[in-house]
Each structure stands twice: as structure tokens, then as C-alpha cells.
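Good morning, and thank you for coming. Please look at the sequence and the structure together while I speak.

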Amino acid sequence: MTYGTLYLCATPIGNLQDITLRVLETLETVDLVACEDTRKTLQLLNHFNISKPVTSYYEHNKMTKGDVIIQHLKDGKHVALVSDAGMPGVSDPGYDLVQQCLAEDIPFTVLPGPVAAVTALVLSGLPTDRFCFEGFIPRHKKERQQYFERLLKEERTMIFYESPHRLEDTLKTMAEVFPERPMAAARELTKKFEEIVRGTPAEVLAHFEQNGIRGEFVLLLHGAEPAAPETRDIDWAVARVAQLEAEGISQKDAIKQAAKEADLSKRDVYNFIVQNK
Ligand code: SAM
């Protein structure tokens, strides 16, 4: 029997008009729709007059339910996986099912569409040439502080998901760790009250303290300024010789290699070492 295909379908993150024609067509043609919250997905299907069996697949039943979905696929049934919003598998169930499909050689494909992270990135005006997605921020203060400290030297624009209940505390920690760093908070993307607030963490915090915190948020942080390129002068070459010698390379070969790496002459490096002994 030929296996069915799993279709990972992106769905709107707010505005229902953002559903793609291909996702609608696929939801109409599959045998089963697996989703996080059946009520939410039935609303979506009803809105588009699609009548289809749905089954739940979420964080706490994904192990057992994953096997059931895999069996359907093995039986030749086509299954669509949707999350409550955006792309399944991105901070949402989906990854484990993909792993199961890979393990069982079951075909799967992705139908692109809305993703809160990328929508917020472009709206933020922060650099888009290099970025990293960090998902949800740790909930506890100490962990959050250490987590941000580890990101101090990250040069790419960073994208985070955050719940409205933790936004204030998170912005306070960001203000401590990144006092001067430009950031943005994207709220209620694609919805009626879509808003983007740009500034330092303290400025963004002040805005929400004044206006209240409502809706869903993506936070974005400008990357660190790139570290100044290392100057490979004679001091660098001498230190490099010592490092190579410590690794067991002879002084002669270490000088040869260090001089080459620093674009200096072997003689200059050798003379400097002898004169400064
Ligand atoms: N899979 C989704 C995606 O592709 O973006 C994300 C799901 S994750 C469980 C939910 C988080 O995404 C929210 O807590 C929020 O950070 C962000 N999010 C989703 N919809 C949003 C919206 N309309 N505006 C701002 N943030 C949103």
C-alpha cells in the first residue's frame, strides 16, 4: 500500500484572509486534519465551509497521538497538520511528527504561510540580513538574566516569543542586560490593533506601562556590534608562536606558521622573540 502524505499547513496568525489557496485546497482534500485545539480549527474550517474530520495533536498527547496519525498515513490516508496559529513545528507541535515521518519513510511536505517571527522581523525595521529565532524566553528571573547575558555577543537580530503575562518582567531584564540596544515589540500582528513599538528596552517598557499590555507579542533585539577584527601584529605573532609550541610544534615551525598567518617575515618574528627573551 502506498503511504499517504503529511501536509504541514501554515494557518493565519490573526487575520483569516491570510490563509493560502493551497492550504484551503489541501484542507478540502485530505482525509483527516490533525490540530492543536479542535474547537479553534473547527472555527477556521467552518469559516471556509470545509467539513473534515479533525483530531487533536498537542504537546501532551503527541507521543500517543503521533502513533495514531502515523498509522493513518501508513494506511494510505492523507493528513494535514495545523497549529492554532502560523507554522506547525515553529514553537508549536509538528517537529516530533516530522521525526516520526522521517523514521518511517513517510512523505511529508510544508505549505508555507504566516509565521509570527518573520512577519515581526520585517515590520521591526531591524536588520534582516542575518537573524536567529530564539523561541520562548525562560520564565524565571535568574534563568532569564543568564539567558540574555549569553546572548550579549550575538550579532544577528534576535527574535523571541513572549506571553503578555511575562512581558513586563522580560523587558525589565532586557533593560538591565541591554540598556542601549535598539529593540522592537510587535503586538497583535495582522489583527485590528496591530502595533510595533521601537526603542531601547526601557523605552518599550515605558510605552507598555503607559498603554497597558494586551494581545500577543514578538520581541526583537538588534544584534551586538561586530567585534573589531583582530589585529595580527608582531605581538599577536609572538603569542601565536607560544600557543603553537604549547601544542607540541617546534619553535622553527611555529615561527614559520605564525609569520605566515600574520603576513610578517619569519626573520622579523624570530628576531623579536630573541631580542625580547
Ligand atoms: N507557530 C506560530 C508561528 O508560526 O508563528 C507560533 C506559535 S507560538 C505557540 C505562539 C506565539 O507566537 C505567541 O506567544 C506570540 O509570541 C507569537 N504570535 C502568534 N501570533 C501572533 C500575533 N498575531 N502577533 C504577535 N505575536 C504572535
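This is a predicted model: local features need pLDDT of at least 70, side-chain atom pairs count only at pLDDT 80 or more; totals for chains, interfaces and linings use all residues.

Helix H4 is followed by Asp105, a residue whose phi is positive, near 60°. Residues are numbered from 1 along each chain as its sequence is written, and side-chain values use heavy atoms, with hydrogens and water left out. Helices (H or I, at least four residues) and strands (E, at least two) are DSSP runs, numbered from the N terminus.

Let us stay with helix H4. Which residues of helix H4 are buried? In this helix, residues 95-104, they are Leu97, Val98, Gln100 and Cys101. Seen down the axis of H4, these buried residues fall within an arc of 160°, so they line one face of the helix. The arc is that of the directions from the helix axis to the C-beta atoms. An α-helix has 3.6 residues a turn, so residues three or four places apart point the same way. The face of H4 turned away from the buried side carries the exposed residues Tyr95, Leu102 and Ala103. Here, buried means under 20% relative accessible area, exposed over 50%, and partly exposed in between (1.4 Å probe, protein chains only). The cover over the buried residues of H4 includes strand E1 (6-9), helix H3 (62-74), strand E4 (79-82) and strand E5 (108-111); contact means heavy atoms within 4.5 Å.

Thr41 is buried, with a relative accessible area of 4%. Leaving aside neighbours within four places in sequence, Thr41 is in contact with Val33, Cys35, Val54 and Val82. Thr41 and Ser83 are 42 residues apart in sequence, and 8.1 Å apart in space, C-alpha to C-alpha.

How many disulfides does a search of the whole structure find? It finds zero, a disulfide being a pair of cysteine sulfur atoms within 2.5 Å. The sulfur of Cys9 is 12 Å from the closest cysteine sulfur, in Cys35, which is too far for a bond. Cys9 is buried, at 0% relative accessibility, and Cys35 is buried, at 0% relative accessibility.

Finally, the charged pairs. A search of the whole structure finds 11 salt bridges, where a salt bridge is a side-chain nitrogen of Lys or Arg within 4 Å of a carboxyl oxygen of Asp or Glu. One of them joins Lys74 and Glu104, with the closest N and O atoms 2.8 Å apart. Lys74 lies in helix H3 and Glu104 in helix H4, so the pair ties together parts that are 30 residues apart in sequence. Lys74 is partly exposed, at 23% relative accessibility, and Glu104 is partly exposed, at 33%. Glu162 also forms a salt bridge with Arg166, the closest N and O atoms being 3.3 Å apart, and both residues are buried.
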